[in-house]
Amino acid sequence: MQRQLIVVLDFGSQYSELIARRIRETQVYSEVISYRTSVEQLQQLAPQGIILSGGPNSVYEPHAPLCDPGLWQLGIPILGVCYGMQLMVQQLGGTVEQATAGEYGKAALAIDDPTDLLTNVDQETTMWMSHGDSVTALPSGFKILAHTANTDIAAIADHDRKLYGVQFHPEVVHSVGGIALLRNFVYHICDCEPTWTTEAFVEEAIREVRAKVGDKRVLLALSGGVDSSTLAFLLHRAIGDRLTCMFIDQGFMRKQEPERLVKLFQEQFHIHVEYVDASDRFLAQIAGVTDPEEKRKRIGHEFIQVFETESQRLGPFDYLAQGTLYPDVIESANTNVNPQTGERVAVKIKSHHNVGGLPDNLRFKLVEPLRKLFKDEVRQVGRSLGLPEEIVRRHPFPGPGLAIRILGEVTPERLEILRDADFIVRQEINRADSYHDFWQAFAVLLPVRTVGVMGDQRTYAYPIVLRLVSSEDGMTADWSRVPYELLETMSNRIVNEVRGVNRVVYDITSKPPGTIEWE
């Protein structure tokens, strides 16, 4: 059976990917594509439904991003969200104007017509608003479905043509009835069925890998994170021992992780892993470097050099497997600058060859079975393949590792200090059975010295910063309200057990304005 598809036309909204994720949560496949996509291209995709995203522009501006006007004659159900609704109204003959007062944040939505789009949505529910423009006159054939205290036209429909619009954002978690609304659009209006399942994806991916690879060998750079580990399990199921995993230890991993990872994959999962200890090479490359971007650049470059050398030693390999995910495939910057207006608008998806940064001259053919998936979907696939929870739910860990959790120069002494401090943090949140309460929990070493007193003697040692945050997707994050007793235990252990540390502080900065990592 051909996979059913809901297309999201991206007009530069920060939530475009989130819309696609929410649709996939209904077990219907969804993709984000550019608002510039022509009607002819859309017809080739043959979607069951189309969603127009929000965006930062006003539809009445001279150079506002517009969709192909033939869209409205396709006969395909369409849902416009925020800017998408305003564009629908304007192009079909209605009026959009700057609102007297903008509406931002939670708003009580009163439903006037509980049919079709708003079936099973509570008569009075809460939706998330973010708009400075409003619809003031509807096109012919449309009627009002809902309103708020500040917005008379908050949801609209032309039931005959299956054209719908909402001024709010049903995709965000703050919109209480948002998921029900999207399910109505997907199931009742677009007549989709819940066929996008983990089991269906795994079966399809294995078939595609076997058809592409045949009897050739595949090389995978294994990091121990959920993406590369899930990919290793998937490929091993598809091609067995013709998969070789390479784990490059750059010396910036957490305490005991390299040994545990190799043992786990080889002894428990029977997946062949080539362990490469390149820690001295990486440390030499960033000796004396203090700029965080320069650190990242040098570590990335050295990784390529080591990978090239070792792949030639282990080869020949015909295929290189990469854990490219769907957000990687979408243009890295979700927006582009209109040279005439300076406004930021969406850009189309491009085919991301070498998303992982490996050079073309490696002469591998790429295998990227996860490129259709979001991060949460990768976790689901990992579970279905038997990946242990300690990997599936592992906290995100940066590619450069501890090198960017040591501010300033990275030295063997500082690495040892941070490893020991970070190990204590992980031990204590596990003992408190709270590891999964956090998006990330780690230690940071500052390149300064502070005065302390230990054993009636003056000390001059490093401070350690504890960073524990809560988040849903890493895009935003809040500092975690950790029990004082847990903070006290971590602090006491670090100061007493980690040589070279005499002070522990707690970072209470959210993202934004800060970032989760310090570098």
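In what order do the nine strands of the open sheet run? The order is 2-1-3-4-9-8-7-5-6, and the pairing is mixed. This is a predicted model. Strands of a sheet pair through backbone hydrogen bonds, either parallel or antiparallel.

Strand 7 (residues 143-147) and strand 8 (residues 155-158) run antiparallel. Three bridges join them. Ile 144 has its bridge partner in strand 8, and that partner is Ile 156. A helix also packs on the sheet: helix 1, residues 16-25. Helix 1 touches strand 1 (5-10), strand 2 and strand 3 (49-52). Its direction makes about 160° with that of strand 2.

Now turn to the annotated sites. Which residues does the UniProt annotation "active site" cover? The unreviewed entry lists Cys 82, His 169 and Glu 171. These residues are spread over 90 residues of sequence, yet they cluster in space. The largest C-alpha distance among them is 11.3 Å.

Take His 169 next. His 169 lies in the loop between strand 9 (163-166) and helix 4 (178-189). Is His 169 buried or exposed? Its relative accessibility is 4%, so His 169 counts as buried. Beyond its neighbours within four places in sequence, His 169 contacts Tyr 15, Val 81, Cys 82, Trp 128, Ser 130 and Ser 175. One of these contacts, Cys 82, also belongs to the "active site" annotation.

Glu 171 sits in the loop between strand 9 and helix 4 as well. A polar contact of 2.8 Å joins the side chains of His 169 and Glu 171. At 1% relative accessibility, Glu 171 is buried. Residues up to four places away in sequence aside, Glu 171 touches Tyr 15, Leu 18, Ile 19, Arg 22, Val 81 and Leu 182. Tyr 15 and Val 81 are contacts of both His 169 and Glu 171.

A second annotation lies further along the chain. In the unreviewed UniProt entry, the feature "binding site" is placed at Ser 223, Gly 224, Gly 225, Val 226, Asp 227, Ser 228 and Ser 229. Asp 227 is part of helix 6 (residues 226-239). Its relative accessibility is 17%, which is under the 20% limit, so Asp 227 counts as buried. With neighbours within four places in sequence left aside, Asp 227 is in contact with Gly 323, Leu 325, Leu 370, Lys 375 and Val 378.

Ser 228 is also in helix 6. Ser 228 is buried, at 7% relative accessibility. Again leaving aside neighbours within four places in sequence, its contacts are Leu 220, Ala 221, Leu 222 and Ser 223.

The cysteines come last. A disulfide is a covalent bond between the sulfur atoms of two cysteines. How many disulfides does the model count? The count is zero. Cys 67 is buried at 5% relative accessibility. Cys 245 is buried too, with a relative accessible area of 0%.

Technical notes. Residues are numbered from 1 along each chain as its sequence is written. This is a predicted model: local features need pLDDT of at least 70, side-chain atom pairs count only at pLDDT 80 or more; totals for chains, interfaces and linings use all residues. Side-chain values use heavy atoms; hydrogens and water are left out. Two strands pair if DSSP finds at least two bridges between them. Helices (H or I, at least four residues) and strands (E, at least two) are DSSP runs, numbered from the N terminus. Contact means heavy atoms within 4.5 Å. Axes are lines fitted to C-alpha atoms, for helices over the stretch in contact, and angles run from 0 to 180 degrees between N-to-C directions. UniProt positions are given in the numbering used here, feature names are shortened, and annotations may be inferred rather than shown by experiment. Buried means under 20% relative accessible area, exposed over 50%, partly exposed in between (1.4 Å probe, protein chains only). A polar contact is a pair of N or O atoms within 3.5 Å; within protein, one must be able to donate a hydrogen and the other to accept it, and residues adjacent in sequence count only if both atoms are side-chain atoms. A disulfide is a pair of cysteine sulfur atoms within 2.5 Å.
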